[in-house]
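Let's take a look around a protein model together.

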Amino acid sequence: MALSGLDIYKLLPKTNCKDCGFSTCLAFAMALAQKRTSLDKCPHVTAQAKEALESASQPPIKLITIGSGDNKLEIGNETVMYRHEQKFFHPCGIGFLVEDILSESEIDKRIADINSLKFERVGQVISPDLICVKNTSKDKDRFAGSVKRVMDGTKSNIALYGDDSAAMAGAVSLCRARKPLVICGDSGNLDEFIKLAKTGSLPLAVTCSNIEEAASATAKAKQGGVEEIVINIKAKNLSGKIQDYALMRRTALKKNFRPLGYPTISFTDSVEPDIELAEAISYATKYAGIVIIRNTKKEYVFPLLVTRQDIYNDPQKPVQVEPKIYEIGKVTNQSPVLVTTNFSITYFTVAGEVESSKIPSYIICCDADGMSVLTAWAAEKFTAEKISDTLNNIGIMDMVGHRKVVIPGYVSVLSGKLEEISGWKVNVGPREASGITNYLRGYK
Amino acid sequence: MAIDLVKEKYNDAINTVEIGPSGSKTVKVGGETTMPFLFAEGGMPNAPVVALEVLDCEPSDWPESVKKSFGDSIKTPVAWAKACVSEFGAKILCVRLQSVHPDYGNRPAEEAVATLKSISKEAGVPLIVIGSGDDEKDNEVLPKASQALKGENCLFGIATQNNYKTLTATALADGHSIIGESPIDINIAKQLNILISDMGLDPKRIVMHPTTTSLGYGMEYVYSIMERARLAAFIGDKMLSMPFILFVGQEVWKTKEAKEFGEAQGVNWEIATSVAMLQAGADILVMRHPSAAKSVMKYIDMAMNK
């Protein structure tokens, strides 16, 4: 949590020596609070003050990076409990468990399945982020062999899960360049895992059965020189895990309590695929930094990825669709032309209704900065001029033989002016999208 | 390490609404004193419930994948309702009086009410009863339906800011609770609860519908409105302390993701939307596909485990 100028002032020498270039210590403190200058400008600051200030300037939940390059997964650095308070910043990673007890061909099949999981939605490509290879066999060579197959078969980020540090060291040496997340499964071996993570500058996940243990383990890891830490709470049921995630996040945010200021990794326990999906969605909505699942079937993974996309949308920034002509059904040059804004929900709702009317139609989304119809109209982003301009320049005139357009009922007030300046005949449609099906069926 | 964890403890609770005549089958919803499933911080005395949706006529615009999962029973409303209870485990049903709608048969109100009465008698579980979506026809059929089920303590809907008086008056007269709907807008939700209470209906007889949207179609807007309303209720806003109902099935089965990529994905879309809504504080989920409903009931049991 950020310190105020006064909090910082209390930690400064208060001599007003001006060596920092500011006329008083208070002025310097204010500038520091606004991040306009840096603490090293003060040659007299004590070591304790320096440490206190540095730790206060860190985000309350640390940003952790797994992997490298364009694919890398960043989690943590969250600032709120509820998305309406600001937003959720770093979408939770979604990954798959690959246990090294699988045969080579089973692993290859899993990798192929995972590689095929790529979907496009509202203009974004969504796909899973990592593969977690687990040393279930307890066999060092088997673990290494599995890691190698995964490395060869995918460009995915990697997490390595094991109890034995020698097996882990072997696996790490195979994929160090991908900056894997090292998951220590057995807290008895934590010291060796800490050394391993420190030596390789790798992120380390500590496995614990409750919050107290987690705080001790992260403190120990930090002391041992590991910077990037992730918390894995095991042996709790669904509500127990969600409760722990909430408590850890809230305590880190509200009290700036460092030992809990790390993202979490969550493994599903359910074997039935439907319940596993439900469990994974619970973790994705409630504070997990990474969710690892077993099922790779696309009809399960897709809704999970879309849930993450929805929850991590910025509530202050509407999701937009490209302003253009959308063809719904087998359109002809006599099909109706409907105009609306490019707010994605507006477009999808209208498109859904047009589809269910079974009347092929063109929907033109005007560029209205992604606002809904009424908001855009009030903000003068959806005006007669704008619609006229769009109708005459977007290319629809070459696609239809008529000059009739339907506008949303909420902006019926625009119809006169729009007819006058565009030369199109304007029909006023229903106010709500739910009326479109009936409207189109009676439309001539 | 002893840690002073920041727990949220609230003084105020969500209202408890009872549906159904008093007895062993009464369904209670609401009563929470915590955000969903955070049992170290407060309680959820009543588990969220799944209501399967049945119509008073064979549905004409439901996807085949949903219809066929009910078998032949879906052709007759009473048989359908009974199957929902005996085969698919529903402890409460939502009957939509679709047949009176001008586009879906335009049948006389009396016919719809007769069907509803038989469903009530034969299914033997508490009922949620909603209109067809056509205001004019609903203002005719709902008072008759309400009277026919007098004393059954049903949950009737849907009241909106522009059309709440008829429904509130009939609920008052016949002893039912009602659903108030607002367009993803916390202020209108509150305003409507005030308007309905001002007519004399006990606020503990109101359930809020914050509007439902499917996963991928703005689900997160509803999610956040629900969280905001809940948090306001917990710190004392009595006019937002009503339980939530979400019509998940109705919205999910409109989307192409549910309809066009195989039955399993549709079922999962309904499960995913439902679970997200439960995590935002849903008390009643009205669902369509029996497999999705079954999975969500199982999930609720698991999540309610302390």
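Start in chain A, where A:Lys358 sits in the loop between helix 12 (344-357) and strand 15 (361-366). Helices (H or I, at least four residues) and strands (E, at least two) are DSSP runs, numbered from the N terminus. The phi of A:Lys358 is near 60 degrees, a positive value in a residue other than glycine. Most residues other than glycine have a negative phi, and most peptide bonds are trans.

A quick word on what you're seeing: this is a predicted model, where local features need pLDDT of at least 70 and side-chain atom pairs count only at pLDDT 80 or more, while totals for chains, interfaces and linings use all residues. Residues are numbered from 1 along each chain as its sequence is written, chains are lettered from A and ligands numbered from 1 in the order in which they are written, and side-chain values use heavy atoms, leaving out hydrogens and water.

Now hop to chain B. A cis peptide bond joins B:Gly157 and B:Ile158, with omega about 10 degrees. You'll find B:Ile158 in strand 6 (residues 155-159) of chain B.

Back in chain A, there's a salt bridge (a side-chain nitrogen of Lys or Arg within 4 Å of a carboxyl oxygen of Asp or Glu) between A:Arg149 and A:Asp108, whose closest N and O atoms are 2.8 Å apart. This pair links distant parts of the chain, 41 residues apart. Over all chains, the structure holds 34 salt bridges.

Here is where the two partners sit:

| Residue | Helix of chain A | Helix residues |
|---|---|---|
| A:Arg149 | helix 5 | residues 140-153 |
| A:Asp108 | helix 4 | residues 104-115 |
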